[in-house]
Amino acid sequence: MNIFCLGINHRSAPIDVREKLWFSANEIPTILSFYKEKYFKETVLVSTCNRTELYYVQHNTELSGEPLWKILAQQKGAELFFQENHFYSISSLNVVKHIFGVASGIDSMVLGDVQILNQMKEAFALAVENQTAGFLLNRLFTAAFHVGKRARAETEIAEGAVSVSYAAAELASKIFEDLSNHTALLIGAGETGELTAKHLAGRNLGNLIITNRTRKRAEDLAGKLGGRVADFENLQAELSHVDIVISSVEAPSYILSAGDIRQAMKARGNKPLFVIDIGLPRNIDPESNTIDNVFLHDMDALNQIISINLAHRNAEVPKIQQIILDELTRFKNWHDSLEVIPTIQQLRDRFESIRSSEVEKHRHHFAADKYEELEILTKRIVNKILHTPMANLKNGTPEHSETETRNKIHTLRHLFGLEKKD
Amino acid sequence: MRLYLQIFEILLPFFYFSTIWVYAKIFFRSNKLAERLAPYFLYATLLSHACYIIIRTLEYSHPPITTIFEILSLIAFAVIFSYSYIEIRTRSKMTGYFILMLPFFFQTISSIFIKELTVIPPILRSYLLGFHVTSALLGYAAITISGVYGFLYLMLYHDIKSSHFSVIYKRLPNLEILEGMSFTATVLGFILLTIAIIVGLIWMPQAVEKFSYADPKLIGTIAIWIVYAIGLAAKKIIGWQGRRIMVLSLIGFAVTMFSMTIINMFFSGFHKFY
């Protein structure tokens, strides 16, 4: 199978090496055209923060000259940073198996990562746009997308939160049915807090209030995420009308005591309050969790959710491997069935050579005008003999056509001694 | 006909058991095949139970409300019927395992102890009685369902609060939904029970010679009614939410179970006809 892949990923190289080989969507078209023109019949370049992979189909000639990884590194002007062992180079069915693994998420740094499939689709779209993806890579990527889709539909490989911010949002939706009726208070303008607020907003959060010691930063964040800014000194007053509190400030002691929370609960009619404390050291008195209808969670709890979810995803891997195996077989059958055209051609050539040599041998028995008739007649006989078997071979059978055609080809090649391909 | 009844009495607990088994597969293993099969199991059980009740009614020429075991079977039917409705509405199959335990339990007891009827007191042939009993039974079924949702709420509440993220956390719907389901069932149960009590109080003193306000079942039912009245008032007037109201719902459920089983078995009164 004339398919190859040269790549670098989180397993083969550290991040400081990987990041040197990251190609943006603006750079990729130039690279693709360069390779198509100089080296390959078809090519697609996938580049994400964890991997850069060049899929290609070679012309009939072997590549010579500088190794491919060096050429790829040269594109970034960074060949000195790389060593050969940063790269993996795979071919044939191993490429198919590899790309299926990537698309299903089992090859990702975070097992079951959902983004990779979209990134692959974008990479493939770029190659189609630049006319560097041809017949074979088209089929390969389409099959890979199908594997990715099956993995998500038939297994739970992408289920459950595997980041702190996402785990916090998931926890919120285990307490509240519809976040659009609820208000969240973000204390502090740190990155994890911001991401958590973003995830909550993605689940239709009703209102967001942001407060920070430095008001300017809170205002910047409110501009980005939407929502209103509150004074940090007014924290207690704000507590009485919010349902979710996300706190991530650097403070030497608790910014909210159990008494503060108890008072707030009274003011808000004891409605459930979800408090996420992602500050280190912790921002909120852990004692608050003993209050009725208060759900206080810190980093430990969120990390626990993550590790449970990761273990669950891990348990799904064998199911994915089965899907990959199924699709790999299908792909191989399809690829084998491609041999039908060259086989037909070879068989025709074989018959034609027998016919012409026999006619040639007996040429002297015929007058020139009769000889021409003989040519036409024998050609017609050969064509008629070959017509039905060739038609049947091309069409296959409606069910399992690929497998059947492949078997027929093997038999045919064997019977007529065509096994050795040109 | 009696042979059919006996076959149903043996089969129904098995039907309930296999349905619970399918729902357990959904809850604990998130089995996709089980999810597809569940409706068939649920409706087959529901239909068989309906057939059983119809045949029994035809065979003895009166609704099956004359013994506690007939009543248990009827409550089991009311629960599976209400659950099927809830499942269609919420499109969640995650609570089936818990809810269906109850009809399984009720029907198994009923199937083991139920007897062929010989003499039926004439009073049990009244239509008003039918109305009284039907509303009481549907009320009990609603309260039972509300109790199970209350129980699930408290389990999930405890899981979330103690950061113990078990399968309960993973599979159950969120706290707000569970509280909502429990509350709807409670309101429904309360209304039905109120109707049953009013009809009973108007009609019984005229129909029953030995009528007494000190009847254990009457006292039990009024106790249930009072617990739920307090609960609903606490929610509406004081604004109780979450855990406390769910605990109250479970207390109501416990009182109901006590009234339905213990009082029926060990106390006598005019309510006992068999």
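Modeller: A:Ser92 is partly exposed, with a relative accessible area of 23%. The cut-off for buried is under 20% and for exposed over 50%, so 23% falls in between. Bear in mind that this is a predicted model.

Next, another loop residue. A:Asn270 also has a positive phi, about 60°, and it is not a glycine either. Its loop runs between helix H11 (258-267) and strand E9 of chain A. A:Asn270 is buried, at a relative accessible area of 14%.

Now follow chain A past E9. The loop between strand E9 (273-277) and strand E10 (294-298) holds A:Pro281.

Go back to helix H2 of chain A, residues 28-38. Its buried residues are A:Ile28, A:Pro29, A:Ile31, A:Leu32 and A:Tyr35. Viewed down the helix axis, they fall within an arc of 160°, so they line one face of H2(A). The face turned away from that buried side carries A:Thr30, A:Glu37 and A:Lys38, which are exposed. What do the buried residues of H2(A) pack against? Their partners in chain A are strands E2 (40-47) and E3 (51-58), plus helices H3 (68-75) and H5 (115-129).

Last, the contact with chain B. Chain A brings 29 residues to it and chain B brings 22. The size of an interface is often given as the accessible area lost when the parts come together. Here the buried area is about 2200 Å², and carbon and sulfur atoms give 45% of it. Two salt bridges link the chains. One of them joins the side chains of A:Asp292 and B:Arg243, at 2.6 Å from N to O. Polar contacts between the chains come to 21 residue pairs. On the chain B side, helices H6 (127-161), H7 (167-171), H8 (175-207) and H10 (243-266) each supply at least two residues. H6(B) gives the most, with five residues. By type, the touching residues of chain B are nine nonpolar, six polar and seven charged.

Definitions and conventions
Residues numbered from 1 in each chain as written. Chains lettered and ligands numbered in written order. Predicted model: local features only at pLDDT ≥ 70, side-chain atom pairs only at ≥ 80, totals over all residues. Heavy atoms only, no water. Buried < 20%, exposed > 50% of the residue type's maximum accessible area, 1.4 Å probe, protein only. Helix = DSSP H or I, 4+ residues; strand = E, 2+ residues; numbered from the N terminus. Arc of directions from axis to C-beta. Contact = heavy atoms within 4.5 Å. Buried area = accessible area lost by both parts, 1.4 Å probe. Salt bridge = Lys/Arg side-chain N within 4 Å of Asp/Glu carboxyl O. Polar contact = N/O pair within 3.5 Å; in protein donor to acceptor, adjacent residues only side chain to side chain. Nonpolar A, V, L, I, M, F, W, Y, C, P; charged D, E, K, R; others polar.
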